[in-house]
Amino acid sequence: MGKFNGHLYPGLYLFSYGLYQATVVFKAMIVNDSLLYPSCSPRNKGIWARLWEISYQSLLKIVTGSILTLYVVFCLDDGMVLMNREIPPRFMYPKEWQHLTMFILLTLSGCVDVTSKNLLPQRCVLLEKGTLTLTFYVLLLLLVSHVQDSTGVELQVHSLLILVVVLLVLVLTMELWAPRVFHLSLMEIFLFLMMGSWLMQAGFILYKPVTGYPWQDDDISDIMFVTTFFCWHAMINALCLLGIYGVSSFWHHCYSPSLKLTGCKEAPYYGSTEGLMHKLLLEVEQPEKDDQALLLPESSP
């Protein structure tokens, strides 16, 4: 799994996920709407109707995670053996087991998203964000131990990837308390694009160099150019976000002038307890106002 395909396919998924999230967030920004999570599913329909209207983004997480998990399991000739039969026994394929853990977490994150969006009485964004944040905390731990035996170019490539994951973990953690802040959402999208594009670039650097010759660990210029390429990725991804915003703004003003994002009345969500308390207070105040309206005619002369 730690070969070219093992870096290309996860990177392609993360980059595509970032592009999709960029279109959603920019669409909300253009129409001046604070609702970043407009998707919902009806609760008064049958189970087949709910399954038909399941979130495609969550379903893609489950499918991608499951396919990559199966790929890790079957990519080895002798299977995913945990320990050998020697005395004393030793653990086998540590990096493959780490990859397997990463992709299982991706699948579980998709399952939590489906549960929140399609099965719970009301959508819980905090549960979705919390699961995603926990997933990347575990990913960070796995990546730190993943580079213990790496040197030279490979160490530099993975160190820059760890830097992106650290920043992404910080942003996701802040979003637990501020889930509707556009600036944090943009930072999250940019880091997802960086992680995806750099994973794909890592596959070419480590396993399929464009020149046809492997990078040299003892050549300081090769290591320096790894960092230079990383900076180029940062600039290209920033320009990509700018382009998506320009296209989204042009499309909205020219073809969809009346486009508005509306929330779901059947499946409201609350990013914090304040929204829930506000709703409960409104429900308590409404009967009091009705009682006062009934008493007014009786008290009038």
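## The model

This is a predicted model, in which local features need pLDDT of at least 70, side-chain atom pairs count only at pLDDT 80 or more, and totals for chains, interfaces and linings use all residues. Residues are numbered from 1 along each chain as its sequence is written, and side-chain values use heavy atoms, with hydrogens and water left out.

## The chain as a whole

The chain has nine helices and zero strands. Helices here are DSSP runs of H or I with at least four residues, strands are runs of E with at least two, and both are numbered from the N terminus. From the N terminus, the order of elements is α-α-α-α-α-α-α-α-α.

The chain holds 301 residues, and 41% of them count as buried (under 20% relative accessible area, with a 1.4 Å probe and protein chains only). Its accessible surface is about 17,700 Å², with 69% belonging to carbon and sulfur atoms (Shrake-Rupley method, 1.4 Å probe). Among contacts with a separation of 6 or more, 78% join residues 24 or more positions apart. A contact means heavy atoms within 4.5 Å.

Two packed helices are described by the angle between their axes and the distance between the axes. Axes are lines fitted to C-alpha atoms, for helices over the stretch in contact, and angles run from 0 to 180 degrees between N-to-C directions.

Helix α6 (residues 152-175) and helix α7 (residues 182-206) have axes that come within 9 Å and cross at roughly 160°. Therefore α6 is roughly antiparallel to α7 (an angle over 145 degrees). Their crossing is left-handed: the near helix is turned anticlockwise from the far one by less than a right angle. This contact has 22 nonpolar, two polar and three charged residues. Nonpolar covers Ala, Val, Leu, Ile, Met, Phe, Trp, Tyr, Cys and Pro; charged covers Asp, Glu, Lys and Arg; the others, Gly among them, are polar.

Helix α1 (residues 4-30) also packs on α7. The two axes come within 7 Å and cross at roughly 160°, so α1 is roughly antiparallel to α7. The crossing of α1 and α7 is left-handed. Their contact divides into 24 nonpolar residues, eight polar and one charged.

## Helices α4 and α5

Helix α4 (residues 94-119) packs with helix α5 (residues 125-146) at about 175°, and their axes are 9 Å apart. That makes α4 roughly antiparallel to α5. On the α4 side, the contact includes Lys95, Met102, Leu105 and Val112. On the α5 side, it includes Leu127, Glu128, Val138 and Leu142. By class, the contact of α4 with α5 has nine nonpolar, nine polar and four charged residues.

Notes: Parallel < 35°, antiparallel > 145°, perpendicular 65-115°, else oblique. Buried < 20%, exposed > 50% of the residue type's maximum accessible area, 1.4 Å probe, protein only.
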